[in-house]
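Thanks for coming. I have one structure today, so please look at the screen while I go through it.

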Amino acid sequence: MVVKVYGPDYANPKRVLVCLIEKGVEFETVPIDIFKDENKAPEFLKLQPFGSVPVIQDGDYTLFESRAIARYYAQKYKHQGTDLLGKTIEETGLVEQWLEVEAQCYSPPITDLIYKIVFDPIRGLTPDPKLIKESEDKLCKVLDIYEERLSKSKYLAGDLFSLADLSHLSLTQYLMGKMGKEYLIRDRKHVSAWWDDISSRPSWKKVVELWPGLY
């Protein structure tokens, strides 16, 4: 059964797409235009009552929230494709730890920046430089911790590329693209090397090529 992934042009669905490619899972995408409120259509709300993307349909199984979906497929196909969870319970614990850091500490400030710099102008709003600076400062504090961590290990959870690293790809790509904030990564030697490594994976290159979105 081919997995359906809704909303491939946006960042959170891309987290799912790159995971599926790494695991060698066949899928198809279903475009959802948020700017036309297609995510608020009654049929879509039956799948995702909060009206956000992504949603996956895997046969008669439906799941939403990108990190939950990625965890699901990383576990379901643990012995297929790239091992994204670690081989020992200790490795898996570190993967889960840094996944939580991404979700709770990294994602909020970078998402604020994306909305202010990329999405607000599309909606006809003028970004507030003060608020942008506040979000950037918060993100810098997180990246400084990453720099320290990555000075001691190749990847966030150790020496293995994992779901923790993969989960950073879709949002960080905005910094490196039209936002013009790549210096936040490049000013940090170890973060920069880590980004070059994970963003050069064929899976991510394929996602950006096929579903460029607003990058």
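Predicted model: local features only at pLDDT ≥ 70, side-chain atom pairs only at ≥ 80, totals over all residues.

Glu65 sits in the loop between S4 and helix H3, which covers 66–76. Its backbone is worth a look: phi of Glu65 is near 80°, a positive value in a residue that is not glycine.

Asp37 also has a positive phi without being glycine, here near 60°. You will find Asp37 in the loop that links strand S2 (27–30) to H2. With a relative accessible area of 41%, Asp37 is partly exposed.

On to the next loop. Pro54 lies between helix H2 (42–47) and strand S3 (55–58). The peptide bond joining Val53 and Pro54 is cis, with omega at about 10°.

Now strand S4, residues 61–64, which contains Thr62. Thr62 is partly exposed, at 33% relative accessible area. What does Thr62 touch, leaving aside its neighbours within four places in sequence? The contacts are Leu47, Val55, Ile56 and Gln57. As for Gln48, it is 14 residues from Thr62 in sequence, and the two C-alpha atoms are 9.0 Å apart.

Stepping back to the whole chain. The protein chain has 10 helices and four strands. From the N terminus, the order is β-α-β-α-β-β-α-α-α-α-α-α-α-α.

The chain is divided into domain 1, residues 3–77, and domain 2, residues 89–201. Taken over C-alpha atoms, the domain centres are separated by 22 Å. How many residues are in contact between the two? On the domain 1 side there are 11, and on the domain 2 side 17.

Overall dimensions next. For 215 residues, a compact globule would have a radius of gyration near 17 Å, and the protein chain has 17 Å, so the two agree. Along the principal axes, the C-alpha atoms fill a box of roughly 50 × 45 × 25 Å. Of the 215 residues, 50% count as buried.

Of the contacts with a separation of 6 or more, 66% are between residues 24 or more positions apart.

Last, the surface and the charges. The protein chain exposes about 10500 Å², with carbon and sulfur atoms supplying 54% of that. There are 29 positive and 33 negative charges, and their mean positions are 1 Å apart.

Notes
Residues numbered from 1 in each chain as written. Heavy atoms only, no water. Helix = DSSP H or I, 4+ residues; strand = E, 2+ residues; numbered from the N terminus. Rg over C-alpha atoms; globule rule 2.2 N^0.38 Å. Buried < 20%, exposed > 50% of the residue type's maximum accessible area, 1.4 Å probe, protein only. Contact = heavy atoms within 4.5 Å. Areas by Shrake-Rupley, 256 points an atom, 1.4 Å probe, with all protein chains shown as cover. Lys, Arg positive; Asp, Glu negative; His and termini not counted. Charge placed at Lys NZ, Arg CZ, Asp CG, Glu CD. Domains from an automatic or database assignment.
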